[in-house]
Amino acid sequence: MTNLLGYAPLSLGTGALYALVAAGVVVIARGAGVINFAHGALVMWAAYFFSAAQENWGLPVAPAGALTVVVTAAIGLAFAVLAMGPLRGSSPLTRAMATLGLLIILQALAGLFFGSQVRSSPSVLPAGELTMFGRVVGVDLFVRLAAVAVVVAVVWAFFRFTTFGLAATAVIDNPRAAATAGWSPDAVAGAAWCVGSALAGLAGVLLAPLGNPLSSTSLIMLVVPALAVALMARFHSLPGVLAGGLALGLVELLTQVGLVTAHPAWTGADRAIPLIVIVFYLVVRGRGIPDRGHIVARHPELGGGRIHPLALGMLLAVALALIWFVLPSDWVTAVGANALWALLMVSLVVLVGFAGQICLGQLVPAGVAALITGRIVAIWHWPLPAALVVGVSGAVAVGLLFALPALRTRGLQLAIVTLGMGAAADAILFQRGYHSPPPAGTAATIFGGLGSPEGTVVGTQSVFGVELDKIDNPDGFATLVLVVFTLVALAVANLRRGRAGRRLIAIRANERAAAALGISVVGAKLYAFALSAAIAGLGGVLYVFYQYGEVGNINYGAGTFAPFGSIMLIAFAVVGGIGWVSGSVAGATLVVGTLGTRIAMAVGERLGGPGWLVHLDRYLPLASGIALIMIMNGSGGGMAADNVRTIRRALDRLGSGWPDRPVRAAARRHRRLARLLAAGRGAGGQPMPVEPVPVRPARLAVAGLTVTFGALTAVRGIDLAVEPGEVVGLIGPNGAGKTSLIDAISGHTCAAAGVVTLGGTPLDQLGASRRARAGIGRSFQHLELFDDLTVLENIQAGSDPRDSRAYLTNLLAARERPLPPIAVFAIGVFRLRDDLFRTVSELPYGRRRLVSVARAVAAAPSVLLLDEPCAGLDQTESAQLARLLRRLTDDWGLAIVINDHDMSVIRGVCDRVVVVDVGRKIAEGWPAEVCRDPRVQAAYLGRPVGEFERKGLAGA
């Protein structure tokens with residue numbers, strides 16, 4: 001206890017720092033509904049500005065501090081108006097990604113304004129020492145803590161007792177209602193950004209001296225412990241922020257003193273404490289982040305993955321000719337660097353672009369592969385190709401570790417978790433001092449015990465006879481990297497066009513709908529993370545030998561794989577076009593040292609003039625941050641998508657029929673299938689089925705099914721049976737539990753009690769995807785289609801085999817498989833042939849409804865559960881759908897359960913009707929008989945009805 005009290009005062013400075021930074025994060029989250037990933041960058045800017053104001057401009061301490069706070073607040077307000085205002089209707093993840101643009105801009109501006117020289121931030125607090133519990137403690141720690149406590153108390157009182165504070169909460173909960181009360185959501189958000197940024201400025205003035213000399217990367221990554229503290233405070237409680245910051249600072253110090261100092265093998269463990277907090281609250285406890293739940297996330301545009309073999313071959317030949325015969329060595333090095341960074345970014349195309357899994361720690365698997373490979377070469381003297389295989393395998397293992405949080409979180413929560421994982425991995429793995437000489441008697445291991453003052457000695461290595469040295473062999477190295485990138489890009493393009501790619505895109509678009517089609521969401525996510533990590537690992541190995549090949553000594557702690565690098569990587573990938581394979585090439589040009597830098601330098605030298613124009617390449621990071629914000633405000637497609645649209649507009653001006661060009665392009669991707677379908681044949685060349693396609697007959701039986709949500713019981717002991725070839729209607733008032741019953745049968749909701757069997761086989765232990773593969777198909781009330789895919793690709797996603805080998809074979813070739821007869825027949829029955837090559841988002845609502853049912857039918861279920869399939873359809877469309885459903889049962893032998901409020905459809909298509917009210921089954925029988933039941937009339941109308949009203953209900 002005495003030891004604890006002795007160290008507690010020493011943690012007050014760090015704890016106060018965390019609390020003040022987290023307070024700014026919470027203020028912006030409460031007032032603007034944004035998780036600000038750039039908050040540490042605002043602290044960094046303030047620390048550097050405060051230092052420059054005194055050292056360079058000669059301002060006294062007080063005016064310099066006040067000016068720093070004002071300027072930082074102005075930056076936050078300007079960002080709120082110029083960037084966040086246009087994004088007011090966007091999802092929380094989109095707005096949080098835009099703050100990464102602010103982070104990059106502030107980092108770039110700090111480099112441009114303050115240079116690269118080492119800076120220190122002077123203390124503004126009184127000096128002095130006192131002794132507590134046997135330890136000497138600076139007086140400034142207590143003064144700093146008191147100042148932070150006063151600031152947090154003032155902000156808490158402002159939110160607690162002022163009308164503006166109440167309005168801030170109301171604006172986040174319901175912006176429209178707050179606007180009708182006279183509160184502008186934009187004004188409240190702007191004020192929150194201003195106050196939160198001012199707190200970041202104050203942190204830079206009061207607390208940055210704790211980290212002297214100043215480190216921009218360390219200050220930027222203060223956002224990680226700040227997010228951990230904000231999570232402890234539920235992004236709401238400011239007193240909780242103060243307590244959480246102090247607790248986190250104390251735990252970190254005790255871990256450092258009690259564990260790291262005594263056991264050097266645990267180096268970096270104290271830096272992993274924020275990650276443990278983040279994982280506990282977001283993954284273990286499943287705590288959500290406050291956001292506007294009614295806003296649907298917008299995914300980046302997708303490329304088609306189409307390969308032009310002739311154009312690709314010519315482009316590769318020209319590039320190789322330029323490398324070997326035309327370009328000078330500095331340009332050749334830039335080409336190699338461009339291909340190398342494109343390789344790293346194409347790993348994000350798989351993970352973020354296709355699978356929709358946001359990862360802010362993508363350089364961790366790259367660094368692990370590089371670490372394992374380099375250390376094996378240095379210690380055991382393996383040849384590089386063999387060590388590379390082991391290193392990439394290690395990267396895959398790390399990728400699977402990163403995938404575990406993705407099984408319980410997604411979107412913004414996953415971004416925070418992976419950012420924390422990246423920060424922890426950097427501290428534990430890459431900052432361990434591999435460059436230090438081994439202590440006497442220490443055994444050489446991969447993670448320690450071998451090195452030199454300069455780094456891990458690997459010497460000059462070669463792969464397939466190509467020396468990995470950009471100085472002595474730039475042509476060979478650039479050729480190797482370019483060929484490797486081309487092969488990987490071809491594999492990823494094949495993946496996009498294959499059924500494995502459709503699975504990834506399906507889980508990106510809608511995990512519930514993907515599971516309802518039998519797609520294993522867990523399996524697809526694990527695959528996406530593993531494949532992405534393997535590609536990143538390959539790129540990481542090539543990168544370290546590119547970076548250190550000329551000296552043969554690798555320094556893993558030089559910041560190469562730091563979290564800020566991962567943030568820059570995903571930012572550049574988004575700017576280039578994260579849904580397009582070609583976007584990785586475009587995004588890579590923005591990285592320092594690649595083709596973008598060389599072109600900017602050439603242009604600057606050509607133009608001459610002012611100094612800033614000569615060094616035009618220095619402005620690339622600033623331009624990329626601005627571009628990221630602009631893309632978040634636009635289509636989200638990036639440079640690759642914009643280039644395609646520009647070409648289409650140009651062709652349109654030439655009268656080339658641009659409005660139909662995307663449709664024609666999709667048709668060309670499936671040219672053979674299009675010809676066969678137009679000729680009335682299936683994808684395998686077989687005649688289009690004209691006779692019904694029978695399904696596997698199976699009886700659905702539900703006994704005593706009960707569904708609860710906490711204290712609420714939504715379904716109470718319902719029994720239900722559906723025979724093959726039978727349509728059973730499910731009706732009842734709103735909130736009766738009909739959708740909850742369908743969710744429980746299909747496995748999307750866990751039942752508290754009861755048994756579900758299909759063909760006599762119990763399904764209770766199976767998840768939604770396995771129930772779908774067993775024969776339970778369903779549609780959704782809100783459609784939940786894959787809007788980024790064409791109608792044909794939606795049908796294919798429903799009818800594709802669920803084989804695991806596609807995850808490997810589709811990388812080699814995206815061979816188009818024949819559509820099964822039932823899918824071909826569904827296309828004909830639902831009259832979708834003319835819309836096959838249009839994206840779903842282009843179709844009118846009625847057609848989209850038909851696509852949702854056709855997709856479910858294409859999966860060849862034995863039982864089809866339809867949740868309000870006629871919602872939003874007019875009378876004619878509802879009648880048409882009813883005839884199609886009747887045909888499915890009479891001709892195909894399909895068993896159907898239909899939940900709908902259109903009584904004309906229920907009476908016209910159903911063999912039996914089950915009525916549910918308050919979670920209980922209150923009636924069952926023929927449609928006309930059920931409509932005359934007084935209990936049904938009371939459930940619908942709230943009271944018994946007379947003869948006239950009864951006739952109205954029966955004829956409805």
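How many aromatic pairs does a search of the whole structure find?

## Aromatic pairs

The search finds 17 aromatic pairs, counted where ring centres of Phe, Tyr or Trp (its six-membered ring) lie within 6.5 Å. The model is predicted, with local features needing pLDDT of at least 70 and side-chain atom pairs pLDDT 80 or more, whereas totals for chains, interfaces and linings use all residues. Residues are numbered from 1 along each chain as its sequence is written, and side-chain values use heavy atoms, with hydrogens and water left out.

One of the pairs is formed by Trp341 and Tyr543, whose ring centres are 5.5 Å apart with planes at 65°, so this pair is edge-to-face (planes over 60 degrees apart; under 30 would be stacked, and the rest tilted). Trp341 belongs to helix α15 and Tyr543 to helix α22 (residues 521-548), so that distant parts of the chain, 202 residues apart, are linked by the pair. Helices (H or I, at least four residues) and strands (E, at least two) are DSSP runs numbered from the N terminus.

## Packing of α15 and α24

Helix α15 (residues 329-354) packs against helix α24 (residues 581-588) at an angle of about 135°, with the axes 8 Å apart; axes are fitted to C-alpha atoms over the stretch in contact, and angles run from 0 to 180 degrees between N-to-C directions. That angle makes α15 oblique to α24, a class left over once angles under 35 degrees (roughly parallel), over 145 (roughly antiparallel) and 65 to 115 (roughly perpendicular) are taken out.

On the α15 side, Asn338, Trp341, Ala342, Met345, Val346 and Val349 meet Val581, Ser584, Val585, Gly587 and Ala588 of α24, contact meaning heavy atoms within 4.5 Å. By class, this contact has eight nonpolar, three polar and no charged residues, with Gly counted among the polar ones.

Strand β7 (residues 700-709) is joined to β8 by seven bridges, and Val707 stands opposite Val715 in β8.

## The β15-β16 hairpin

Strands β15 (residues 912-917) and β16 (residues 920-925) pair in the antiparallel sense over five bridges, and Asp917 stands opposite Arg920 in β16. The two strands form a hairpin with two residues between them, and Val918 in the turn has a positive phi of about 50°.

Notes: Two strands pair if DSSP finds at least two bridges between them.
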